Amino acid sequence: MSHQQAKFIHKYARTKPEKRQDMQVLALGLSRTGTMSLQAALNKLGYKCYHMAEVPNNKKKGHFWCWHEAMLSKFKGTGPKYTPADLAHLLEDYSAVTDIPCVLFSDELLTAFPHAKVILTNRDPDRWLQSIEKLYSIIRWKSMNLLARLEPDVGKYLSILQMAIASWTYPGSNWQDRSQLRAGFLRHYQHIRASVPPDRLLEFRSEDGWGPLCAFLEKPLPAEKYPFVNAGNELFQIHYALVAVTAISLVVKGFLWVAPVGVVLFGVWKFYV
């Protein structure tokens, strides 16, 4: 396919200029390093933060399809290439980003938003590897793979997860190859540190709390405790909910042609994930 081919992103109407957000914060730490907690914290501080959890909220703007297309081009060499300007278009309703898929386009975002402050969420590499195993588990769920065949957005989501994990390996060709994940983790952090001037960069762990974050962003300290969300068990609960909601939606739409049978099958699949 030619890089001149029309992109999914150009099929959707843009936000009116007066309603677009100025990108102010790029949180470029990898998934499972406190990214959802940081999203909640940034929202509390007055930003509007994009996270993988925001992709379904932008279904009408085709975000599953746009990110999937962008990742196919970047990691598989197929389809039209997404430029920094395209990513700025995709994120025009937000003033901060964290987590995948954004972190997979760190260089492009640094080019698109050269004045944004950068936060590098971090954690112990070995504990990160243990946490990433939960993503491997979710990708292998029989229920998730069944629904991926029936619901295109779930199929795109599953593919995004696989390409994300593969991109953290080297050469990144097989998402199931764990052997290079630790080195890929360290390589990503070294690259961001080398790419961002120290005065624009905050190294941050969730346990650091509000203090260094608010000082870096020049924001007042909130009264409540720093948020801690999406721990290991919560990750599973979020995806159980995704499976359940999607299965019910398919029943309503008639894809599962006999509702009682569909419910029974869902229960069986869920039991074995």
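Let's start with a pair of helices: α5 passes α7 in a left-handed crossing. Left-handed here means the near helix is turned anticlockwise from the far one by less than a right angle; clockwise would be right-handed. Helix α5 covers residues 125-140 and helix α7 covers residues 152-167. They pack at an angle of about 145°, and their axes are 10 Å apart. Axes are lines fitted to C-alpha atoms, for helices over the stretch in contact, and angles run from 0 to 180 degrees between N-to-C directions.

Who makes the contact? From α5, Leu135, Tyr136 and Ile139. From α7, Leu158, Leu161, Gln162 and Ile165. Contact means heavy atoms within 4.5 Å. By class, that is six nonpolar residues, one polar and no charged. The nonpolar class is Ala, Val, Leu, Ile, Met, Phe, Trp, Tyr, Cys and Pro; the charged class is Asp, Glu, Lys and Arg; the others, Gly among them, are polar.

Before going on, a word on the source. This is a predicted model, where local features need pLDDT of at least 70, side-chain atom pairs count only at pLDDT 80 or more, and totals for chains, interfaces and linings use all residues. Residues are numbered from 1 along each chain as its sequence is written, and side-chain values use heavy atoms, with hydrogens and water left out.

Stay with α7. Twelve of its 16 residues are buried, so the helix is mostly covered. Buried means under 20% relative accessible area, exposed over 50%, partly exposed in between, with a 1.4 Å probe and protein chains only. Among the buried ones are Asp153, Lys156, Tyr157 and Met163. The length agrees too: at 1.5 Å a residue α7 should span 22 Å, and its end C-alpha atoms are 22 Å apart. That expected span is 1.5 Å times one less than the number of residues.

Now the whole chain. It has eleven helices and five strands. These are DSSP runs, numbered from the N terminus: helices are H or I with at least four residues, strands are E with at least two. Of the 273 residues, 49% count as buried.

Next, the sheet. It is open, with five strands in the order β2-β3-β1-β4-β5 and parallel pairing. Two strands pair if DSSP finds at least two bridges between them. β2 and β5 stand at the edges, each with a single partner strand, so one side of each has no neighbour in the sheet. At one end, β2 and β3 pair over two bridges. Cys49 stands opposite Ala96 in β3. Helix α1, residues 35-44, packs on the sheet and touches β1, β2, β3, β4 and β5. Helix α8, residues 181-195, also packs there, touching β4 and β5.

What about β4? Four of its five residues are buried, so the strand is largely enclosed by the rest of the structure. Three bridges join β1 to β4, and four join β4 to β5. Follow Ile119: it is the bridge partner of Ala27, and its own partner in β5 is Leu202.

Glu108 sits in helix α4. Is Glu108 buried or exposed? Buried, at a relative accessible area of 15%. Glu108 touches Lys74, Pro84 and Leu87, not counting residues up to four places away in sequence.

Pro220 lies in the loop between α9 and α10. Pro220 is exposed, at 65%. Leaving aside neighbours within four places in sequence, Pro220 still contacts Leu45 and Cys214.
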